[in-house]
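Please consult the sequence and the structure shown below while reading.

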Amino acid sequence: MERRLVYMDYNATTPLRPEVKAAMIEDLEVFANASSMHEAGRRARARVEEARARVARLVGADDPERVIFTSGGSESNNTVFATMFHLGRAGSRRGIVTTKIEHPCVLNAAKWLEAEGFPVTFLDVDEYGMVRLDQLRASVGPDTLLVSVMAANNEIGTIQDMAAISGVAKAAGAFFHSDATQAVGKVRVDVREWGVDYMTMSCHKLYGPKGVGALYARPGAPLEPLIRGGHQEHGFRAGTYNNQGILGFGLAADLARAELDEYSARVRALRNRMRDGIVASVPKVRVNGHPESVLPNTLNVSFPGAEGEAILLSLDLEGIRVSTGSACASGSLEPSHVLLATGVGPELAHGSIRFSLGRDTTEAEVDYVVSKIGPIIARLRAMSTVSY
Amino acid sequence: MSDAFAWLYSDVVKEHFTNPKNVLNPDEGFVSNAEGMTGNIKCGDQMMFLLRIEGDVIADARWKTYGCASAIASTSMLSEVIKGMGIKEAYNIKPDDIVKRLGGLPDNKIHCSVLGDKALRAAIDDYLAKNGREGEFRNEGARIICSCLNISDRDIEEAVKQGARDWNGLQERTKIGTVCGGCKTAAEELLHEYVHIFA
């Protein structure tokens with residue numbers, strides 16, 4: 001089989017869609033400050049507001065004004081935690097309940113609050129990466145200020161029961177935040193159905209540009225700016241408008257909404273073809289994550305006996321781009337915190353590979369990867385001290 | 001490949017990763033008289049060395065590893081270097097020598113290359129023990145860490161193998177740092193490294 005270049009790391013980031021790229025290039029002519037009162041400024045601002053409406057529509061937000069543009073997911077998440085810092089200092093509720101499988105920007109923001117004296121609970125997950133609702137119920141109470149649970153996990157793709165988690169948070173009178181960075185654009189997201197008070201979005205995961213994201217805040221939900229300054233974003237996020245980034249976000253959101261059902265069905269079929277192909281051709285693998293409640297594009301597999309960085313680099317030499325949960329690829333000595341939380345044990349975490357597919361993935365690419373992975377695992381296992 | 005981004009590490013690492021030398025093939029019937037194993041799957045790396053030693057010279061070597069590309073490449077290189085080498089000289093090979101021969105490794109991958117020489121030394125120690133010469137090379141190439149009490153990196157390694165997991169445990173076994181205490185930072189760094197490898 002001829003060597004191909006296969007990108008299967010769409011959860012890390014996605015390529016810019018050609019339509020989005022073209023629109024952004026055209027928009028580069030619009031240099032005016034979208035806060036300026038003159039005609040050029042008003043034209044630029046209109047584009048920003050159109051993009052805001054498009055992003056709001058993608059996630060079912062009735063009030064576009066409650067979509068605040070930020071520099072990305074990390075900033076959106078940090079804005080929520082900074083808001084909780086101020087609320088907690090002013091009020092009696094200070095408890096933060098989140099999970100062990102969050103993205104590092106939520107984990108570290110929660111640890112920051114913990115260091116500031118806020119009681120923080122990191123919830124366990126079950127073997128599929130699902131939050132245990134009984135543990136959640138037992139962890140929230142009249143002191144709980146915020147429940148923050150990611151909608152879909154970046155590593156294993158598991159999608160949480162958002163309505164149920166939201167219900168528990170609401171019943172306790174706590175705010176509910178969700179980092180929906182990986183969910184938006186891949187599955188249907190509705191802020192009303194999910195009952196979120198706050199929701200984090202990122203643009204570069206849905207074929208838009210990097211450096212732009214958004215935070216949805218339910219009407220009435222308090223918000224404290226992380227970046228103080230001018231009156232942009234109703235004072236919730238200062239800084240000159242990123243015209244082209246925001247325009248690109250709006251267009252990418254619109255395209256994602258229009259194509260969601262088709263995307264989801266097609267990519268899920270490819271993902272399942274890949275899963276079945278790997279399971280059939282490589283002995284003793286373990287598919288991580290939830291079997292059904294999982295992102296259509298995410299396939300996380302552990303290959304016992306082979307180490308993840310060695311697998312990743314072997315695939316890389318074949319032109320295949322993936323990620324691994326191995327410590328050897330992370331710069332730390334610990335393997336994936338997400339897989340460890342699901343209880344798979346360090347060896348399976350070190351030997352894990354995340355294949356994340358996208359809208360450009362083809363059946364031929366899937367078959368190419370399946371044909372390459374078997375010999376790679378066999379070779380590494382043959383030289384391994386652990387025999388399979 | 002001339003493209004600097006086509007491969008993560010040096011070309012020598014690539015060659016030894018893609019075509020590792022002296023990997024143990026169970027079908028070849030390799031006869032060894034020394035075996036060493038080190039590392040831990042929990043930490044993501046484990047290494048085994050088999051040697052055939054004739055008259056204190058390494059006649060041939062085989063290895064296996066559960067490890068990353070750097071671990072595979074550095075052990076492959078090491079297995080080439082030691083063939084025909086006296087066991088005392090082999091015992092004193094520094095991971096740094098191997099890293100240089102590999103054309104360098106990023107700082108965060110250096111610890112992946114130390115496992116090979118640990119397994120090699122374990123194999124040579126095994127040979128010495130089997131021949132009634134236990135511990136003969138223990139202080140070969142050792143670096144003194146605690147100059148007050150003449151305690152070396154090898155002593156720290158030995159203490160960790162015997163169960164020391166923290167500073168107090170290390171002191172109980174070696175009395176290290178009980179005079180001036182000036183070695184504590186360096187000793188703790190080694191302790192951390194050895195606990196990662198052996199614990």
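The following paragraphs treat a sheet of chain A, then a helix pair and the domains of chain B.

**The sheet of chain A**

The model is predicted. In chain A, seven strands form an open sheet with mixed pairing, in the order β2-β8-β7-β6-β5-β3-β4. Strands β2 (67-70) and β4 (120-123) of chain A each have a single partner strand and stand at the edges, so one side of each is left without a neighbour in the sheet. From one strand to the next, the twist averages 20°.

Within this sheet, β7 (residues 198-202) and β8 (residues 213-217) of chain A pair in the antiparallel sense, over five bridges. Ser202(A) stands opposite Gly213(A) in β8(A). Helix α6 (residues 162-171) of chain A packs on the sheet, where it touches β5 (144-148) and β6 (175-179) of chain A. The direction of α6 of chain A makes about 150° with that of β6(A).

**A helix pair in chain B**

Two packed helices are described by the angle between their axes and the distance between the axes. Helix α1 (residues 11-18) and helix α2 (residues 69-81) of chain B have axes that come within 8 Å and cross at roughly 85°. The helices α1(B) and α2(B) are therefore roughly perpendicular to each other. The table lists the residues that make the contact.

| Helix | Residues in the contact |
|---|---|
| α1(B) | Val13(B), His16(B), Phe17(B) |
| α2(B) | Ala69(B), Ser70(B), Ile72(B), Ala73(B), Ser76(B), Met77(B) |

By class, the residues of the contact of α1(B) with α2(B) comprise six nonpolar, three polar and no charged.

**The domains of chain B**

The domain assignment divides chain B into domain 1 (11-130) and domain 2 (144-198). Taken over C-alpha atoms, the centres of domain 1 and domain 2 of chain B are separated by 25 Å. How many residues of each domain of chain B are in contact with the other? Domain 1 of chain B has six residues in contact with four residues of domain 2 of chain B.

On the side of domain 1 of chain B that touches domain 2 of chain B, β1 (34-40) and α5 (110-130) of chain B each supply at least two residues. The largest share of that side, three residues, comes from α5(B). The side of domain 1 of chain B that touches domain 2 of chain B has two nonpolar, three polar and one charged residues.

Conventions
Residues numbered from 1 in each chain as written. Chains lettered and ligands numbered in written order. Predicted model: local features only at pLDDT ≥ 70, side-chain atom pairs only at ≥ 80, totals over all residues. Axes fitted to C-alpha atoms, helices over the stretch in contact; angles between N-to-C directions. Helix = DSSP H or I, 4+ residues; strand = E, 2+ residues; numbered from the N terminus. Parallel < 35°, antiparallel > 145°, perpendicular 65-115°, else oblique. Contact = placed C-beta atoms within 7 Å. Nonpolar A, V, L, I, M, F, W, Y, C, P; charged D, E, K, R; others polar. Pairing = 2+ DSSP bridges. Domains from an automatic or database assignment.
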